[in-house]
Amino acid sequence: MTDALDRLAVVGSDLFRRVDVLLAGGGVAPGSRAAELLRRVGGLPADVLEYALRLDVAGLLAASDELRGVGDRFRGLPGTVAVGVRGSAWEGSGAEAFGVAWAALAQYIGEGGDERSIVGRVDATADYLGAVAGWAQGFRHELAEAVARVVQSAEAVVVVTVKDGVEAVAAAGRIAERVLRTAGEALDAADELRRQYEGRLGELEYQPPEVPRGTAAIAGVTRVTM
């Protein structure tokens, strides 16, 4: 799916490569906003654009939908097996031990809504992927707006026509500040998104229950109607 950033990619890449060359040769003023943003983002404008162009919004949304399908397939398992267990004529210690084990496993699988269950974790992961897709789409939109502004700016004219010298380096610095500010805001949004889902996506270890074996409470004959 083509968006505004894709359409501006060629002109943006050409300008940003020129900006990067100027900054690499002339540097930026220490303590300036551009210098701060360079440290925060860890890349130059061309790096930011290349990264944003690689963001696959459609792929993230497709993965989110696929995970929701996985959750739906697991969601009905506890209820389906519970119906079968209730309808069986299995009695005795074996049946009771199985009931304890199955109840723990059913709780572990879950039916959604509880992130301490497998289905809950799958649902949360699907939600997270959808949120990341929204973040990526928003970042691409904001960066496209930044590209559109800087390629039409007086600084862009200086970078393209003057090509070197103090004036060109200063113009490159102002362009970099505009682009890197957008990237910095996207990083802040990504950090906030990570904090929202922290602790909700990790591996969920299964803790097997204490299944009684041979106690007076469940010892005896096991009967199964075949």
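Ala4, Leu5, Asp6, Leu8, Val11, Gly12, Leu15 and Phe16 in α1 touch Arg140, Leu143, Ala144, Val147, Ala148, Val150 and Val151 in α7, where contact means heavy atoms within 4.5 Å. By class, that contact has 12 nonpolar residues, one polar and two charged. Nonpolar here covers Ala, Val, Leu, Ile, Met, Phe, Trp, Tyr, Cys and Pro, charged covers Asp, Glu, Lys and Arg, and the others, Gly among them, are polar.

A word on the source: this is a predicted model, in which local features need pLDDT of at least 70 and side-chain atom pairs count only at pLDDT 80 or more, while totals for chains, interfaces and linings use all residues. Residues are numbered from 1 along each chain as its sequence is written, and side-chain values use heavy atoms, with hydrogens and water left out.

Back to the helices, which are DSSP runs of H or I with at least four residues, numbered from the N terminus. Helix α1, residues 4-26, packs on α7 at an angle of about 50 degrees, with the axes 9 Å apart. The axes are lines fitted to C-alpha atoms over the stretch in contact, and angles run from 0 to 180 degrees between N-to-C directions. α1 is therefore oblique to α7; under 35 degrees counts as roughly parallel, over 145 as roughly antiparallel, 65 to 115 as roughly perpendicular, and the rest as oblique.

How does α4 pack on α7, at what angle? Helix α4, residues 57-75, and helix α7, residues 118-151, pack at about 165 degrees, with axes 8 Å apart. So α4 and α7 are roughly antiparallel. Their contact has 13 nonpolar, five polar and five charged residues.

Next, helix α8, residues 154-161, and helix α9, residues 166-197: their axes come within 8 Å and cross at roughly 135 degrees. α8 is therefore oblique to α9. From α8, Glu155, Ala156, Val158 and Val159 take part, and from α9, Glu167, Ala168, Ala171, Ala172, Arg174 and Ile175. Seven residues of this contact are nonpolar, none polar and three charged.

Last, a pocket. Which residues line the second largest pocket? They are Ala104, Gln107, Tyr108, Asp114, Arg116, Ser117, Leu204, Glu205, Tyr206 and Gln207. On a 1 Å grid over the protein atoms alone, a pocket is an open set of points where a 1.4 Å probe fits, with protein on both sides within 12 Å along at least five of seven lines, and lining residues have an atom within 4 Å of a point. The lining has four nonpolar, three polar and three charged residues.

Conventions. Helix = DSSP H or I, 4+ residues; strand = E, 2+ residues; numbered from the N terminus.
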